[in-house]
Amino acid sequence: MISQDATTTKSRSEKNEAERANGIEVRDVEIRFANGYLGLKKTALSIEPGSFCTLLGPSGSGKTTLLRTIAGLLTPSSGVIMIGAKDVTRLPVQARNIGFVFQNYALFPHMTVAQNIEYPLKLHKWPQADRRRRVHEILELIELPNAGDRAVGELSGGQQQRVAIGRALVYRPALLLLDEPMGALDRRLRQQLGADLREIQQRTGITAVYVTHDQEEAFILSDKVAIMDGGEILQYDTPSELYFRPKSRFVARFLGEANLIDVSSLEQGGDGRTLIRTGRATFSLPLPRAILKQHSSLSIVLRPEDLILLGSDTVDEMQAPAIPVRIEKELFLGSRCIVTVSDNSGATYLVECSKSQIPASGAEVWLTWNPASMVLVDH
Ligand SMILES: Nc1ncnc2c1ncn2[C@@H]1O[C@H](COP(=O)(O)OP(=O)(O)OP(=O)(O)O)[C@@H](O)[C@H]1O
Ligand SMILES: [Mg+2]
């Protein structure tokens, strides 16, 4: 962790960088590779200045393609990319003023830590005194104040990656782009470096775009996350919106466990509520009228923690929804259990509860939930 003292002494020099933070606008950008493959379908994304945005998705979903497009390493077949107020669509990489960090840190092994960090400044012909001052600032920022003279090969993987982040920031780039920078590190180091990275990003106020396929990492680090699949952004939202308000079955399933229950019919009730029928349950909710037309493709999303198991003695006859179920399997995880239950059509549901909340075996069991915790998705 970075100390309070260090924060105070550095805040003045880093503040200028925060003022220069740029947003990114990706407008209807399409990438078609030479073999004809559509790497990015018409994509739009608006990243706020000074925010930490993560691209999250399965392998091959287009995360690296989108990052490389923002960097200028790939040229869109159509669309526009803006960095701040500037249209950079046709600008080459070196004219975009971007700091890039890759998975294999790509440091120069024959140079010291300080020489590695100084390298971009030499390329830009900064005077020696300014270079020295800036390298010193960066060594402080990445919490390796005394490592300047060390050979990079002597550093641990996590330290080397901090040097790579420092080198990416030294020239005060407009953006910081990171493509799975911690992929080669073990879990504990990833968590530590992730926290350091977030702190560095917040302190400098730079806009960062980060690529990962680790959901937990994305949620911990990011202001907003773009969920990608098949060369498309399916949803761009805050971590809690994505988790609690997924807009599609894919997003619901991709982010943790989700029970999906198909809706078989919707009926407008006289009281402004809508009667919802699934194969096993009927209940009513206040829903916008527009939803009534879509019932053939609607599913209910329920997280395991939203489901409740009740014994027949505690279930109220009028309680809706309530589905009779059988306990199939209990997975004991210490503070909580994941119970698999099935209804008489064979459909299974995952329920999270504490050990004491599981009805006795052999007892009649009902599955219920608070209708307010449901989310409806239509694709
Ligand atoms: N130069 C290229 N020519 C043709 N197809 C490509 C090219 N580069 C990438 N692709 C394809 O585009 C798709 C998206 O690739 P991309 O590297 O963006 O995925 P990713 O989300 O970063 O995956 P990973 O998590 O494995 O890094 C893949 O199907 C890939 O095979
Ligand atoms: Mg990739």
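Which residues of α6 are buried? They are Arg190, Leu193, Gly194, Asp196, Leu197, Arg198, Ile200, Gln201, Arg203 and Thr204. Buried means under 20% relative accessible area, exposed means over 50%, and partly exposed lies in between (1.4 Å probe, protein chains only). The model is predicted; local features need pLDDT of at least 70, side-chain atom pairs count only at pLDDT 80 or more, and totals for chains, interfaces and linings use all residues. Residues are numbered from 1 along each chain as its sequence is written, chains are lettered from A and ligands numbered from 1 in the order in which they are written, and side-chain values use heavy atoms, with hydrogens and water left out.

The protein has 379 residues, of which 48% count as buried. Its C-alpha atoms fill a box of roughly 80 × 45 × 40 Å along the principal axes. The secondary structure comprises nine helices and 20 strands. Helices (H or I, at least four residues) and strands (E, at least two) are DSSP runs, numbered from the N terminus.

Helix α6 covers residues 187-204. Its 18 residues should span 26 Å at 1.5 Å a residue, and the end C-alpha atoms are 26 Å apart, which agrees. The expected span is 1.5 Å times one less than the number of residues. At the start of α6, a side-chain oxygen of aspartate 186 comes to within 3.2 Å of the backbone nitrogen of arginine 188. After the helix comes glycine 205, with a positive phi near 75°.

Six aromatic pairs were found in a search of the whole structure. Rings of Phe, Tyr and Trp (its six-membered ring) pair if their centres lie within 6.5 Å; planes under 30 degrees apart count as stacked, over 60 as edge-to-face and the rest as tilted. One of the pairs joins phenylalanine 52 and tyrosine 210. This pair is tilted, at 5.6 Å centre to centre and 45° between the planes. It links distant parts of the chain: phenylalanine 52 is in strand β3 (residues 52-56) and tyrosine 210 in strand β8 (residues 207-212), 158 residues apart. Both phenylalanine 52 and tyrosine 210 are buried. Phenylalanine 250 and phenylalanine 254 form a stacked pair, with 5.5 Å between centres and 15° between planes. Both residues lie in helix α9 (residues 249-254), four residues apart, about one turn of the helix. An α-helix has 3.6 residues a turn, so residues three or four places apart point the same way. Phenylalanine 250 counts as partly exposed because its relative accessibility is 27%. Phenylalanine 254 is also partly exposed, at 24%.

Two arginines sit over aromatic rings. A charge sits over a ring if NZ of Lys or CZ of Arg is within 6 Å of the ring centre and within 35 degrees of the ring normal. Arginine 167 lies over the face of phenylalanine 108, 5.1 Å from the ring centre. Arginine 303 lies over the face of tyrosine 243, 4.0 Å from the ring centre.

Ligand 1 is surrounded by 13 residues, the closest being Ser59, Gly60, Lys63, Thr64 and Thr65. A residue is near a molecule or strand if one of its heavy atoms lies within 4 Å of it. A side-chain N or O atom of serine 59 is 2.5 Å from a ligand oxygen. For lysine 63, the corresponding side-chain distance is 2.8 Å. Glycine 62 contributes a backbone N or O atom, 3.0 Å from an oxygen of ligand 1. The protein covers 61% of the 640 Å² of accessible area that ligand 1 has on its own. Accessible areas come from the Shrake-Rupley method with a 1.4 Å probe; for residues, only the protein chains shown count as cover.

Most residues other than glycine have a negative phi. Aspartate 28, not a glycine, has a positive phi of about 45°. Aspartate 28 lies in strand β1 (residues 24-32) and is partly exposed, at 44% relative accessibility. Glutamate 143 also has a positive phi, near 60°. Glutamate 143 is in the loop between α4 (128-141) and α5 (157-169). Its relative accessible area is 24%, so glutamate 143 counts as partly exposed.

Serine 299 is in strand β14 (residues 299-302). Serine 299 is buried, with a relative accessible area of 0%. Its side chain makes a polar contact with the side chain of aspartate 262, at 2.8 Å. A polar contact is a pair of N or O atoms within 3.5 Å; within protein, one must be able to donate a hydrogen and the other to accept it, and residues adjacent in sequence count only if both atoms are side-chain atoms.
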